[in-house]
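Colleague: Could you walk me through the side-chain pairs and the helices in this model? I would like to go feature by feature.

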Amino acid sequence: MENMKAEVKLILAMLIFGSIGIFVKHINLPSLDIVVLRTLIGSAFLGLVFFFTNQSIESKVILKNLPLLICAGLVLGGNWVFLFEAYRYTSVSIATLLYYTAPVVVFLLSPLIFKEKMTLYKTLGIIITVVGMLIINSGGVNGKGGNLGMLYGLISALLYGLIMIINKLIKDLSGLESTFIQLLIAGVIMLSYALILAKGPLQLPRGLDLILVTIVGVVHTGLACYLYFSSMKELAGQTIAIMSYIDPASALIFSAIFLQERLSIYQIIGAFMILGGTAFSQKMEKKRAYISS
């Protein structure tokens, strides 16, 4: 029963994550401003979760991980800025698929950082994913600035991969605790950048934009992160890995229904290769680790 509740939480989290592009696409604010508001609202929501559930975070643990948390917060903010820019210049579906090439970054850097071996399964997964990405690129992107949007999508994937690696280095903090601190740091850094370095003051949302930004901050950030990390305690790693693909799959479905975005047959093949390549390598690596243990 507990596992079923956890699975429902995880599915809801993935569906929420998968729908964010639909909302961001309709917010008439610069991507940087959306990220500032998202991180601040999301961290405030998680702060209330910790307060009402009587959870505490030890300051010593935060200080021990502070350099990594600051790096993660900075990369997290940049990651979302480039992802939201990708939504603007290309379709949500294409941006999402490129975003999910992030595991390739992790696979390539893990041998250097974690001294992990580059296995046959990882290599095959990388090759399949990269070929899928090239197929999507060769299929062309409709709309002005499509190539720029694809570039932004790839940069966001690179930063997403770096976030995965940095979080593997953070010790003694739960996923929810780490996310709360990183959101808070990202909010402070992005707000400082927006006020000091960026051109013009921070644009505050009004009307529909205010409603959409609030939903993105509360639902797509705070609530989704809470559901995601609270479900992880009850579920096996393989279940989490498999269900994580609900996010990009639902993003493709939502963008087709609500934004009338359509992938060509070649792009659909590329989509299966990107998602299938990462899923294959992750599944086979877990199987290999189980057999050898």
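This is a predicted model: local features need pLDDT of at least 70, side-chain atom pairs count only at pLDDT 80 or more; totals for chains, interfaces and linings use all residues.

Modeller: Residues are numbered from 1 along each chain as its sequence is written, and side-chain values use heavy atoms, with hydrogens and water left out.

Colleague: Fine. How many salt bridges does the structure hold?

Modeller: There are 2 salt bridges, a term that here requires a side-chain nitrogen of Lys or Arg within 4 Å of a carboxyl oxygen of Asp or Glu. One of them joins D172 to K64, with the closest N and O atoms 2.3 Å apart. Because D172 sits in the loop between helix 8 (146-169) and helix 9 (175-196) while K64 belongs to helix 4 (residues 59-89), this pair ties together parts that are 108 residues apart in sequence. (Helices are DSSP runs of H or I with at least four residues, numbered from the N terminus.)

Colleague: Are D172 and K64 buried or exposed?

Modeller: Both D172 and K64 are exposed, where exposed means over 50% relative accessible area, buried under 20% and partly exposed in between, using a 1.4 Å probe and protein chains only.

Colleague: And which residues does E85 or R88 meet in a salt bridge?

Modeller: E85 and R88 meet each other, at 3.8 Å from N to O, and they are 3 residues apart in helix 4, which puts about one helical turn between them. E85 counts as buried because its relative accessibility is 19%, whereas R88, at 33%, counts as partly exposed.

Colleague: Switching topic, where does S156 lie?

Modeller: S156 lies in helix 8 and counts as buried, at 0% relative accessibility. Leaving aside neighbours within four places in sequence, S156 is in contact (heavy atoms within 4.5 Å) with N79, F82, L83 and Y99.

Colleague: Where does helix 10 bend?

Modeller: Helix 10 bends by about 30 degrees at A224, the bend being the angle between axes fitted to the seven residues ending there and the seven starting there.

Colleague: Last one: how many aromatic pairs are there?

Modeller: The structure holds 11 aromatic pairs, counted when ring centres of Phe, Tyr or Trp (its six-membered ring) lie within 6.5 Å, with planes under 30 degrees apart called stacked, over 60 edge-to-face and the rest tilted. The F51 and F52 rings have centres 5.2 Å apart and planes at 80 degrees, so that pair is edge-to-face.

How values were computed. Helices (H or I, at least four residues) and strands (E, at least two) are DSSP runs, numbered from the N terminus.
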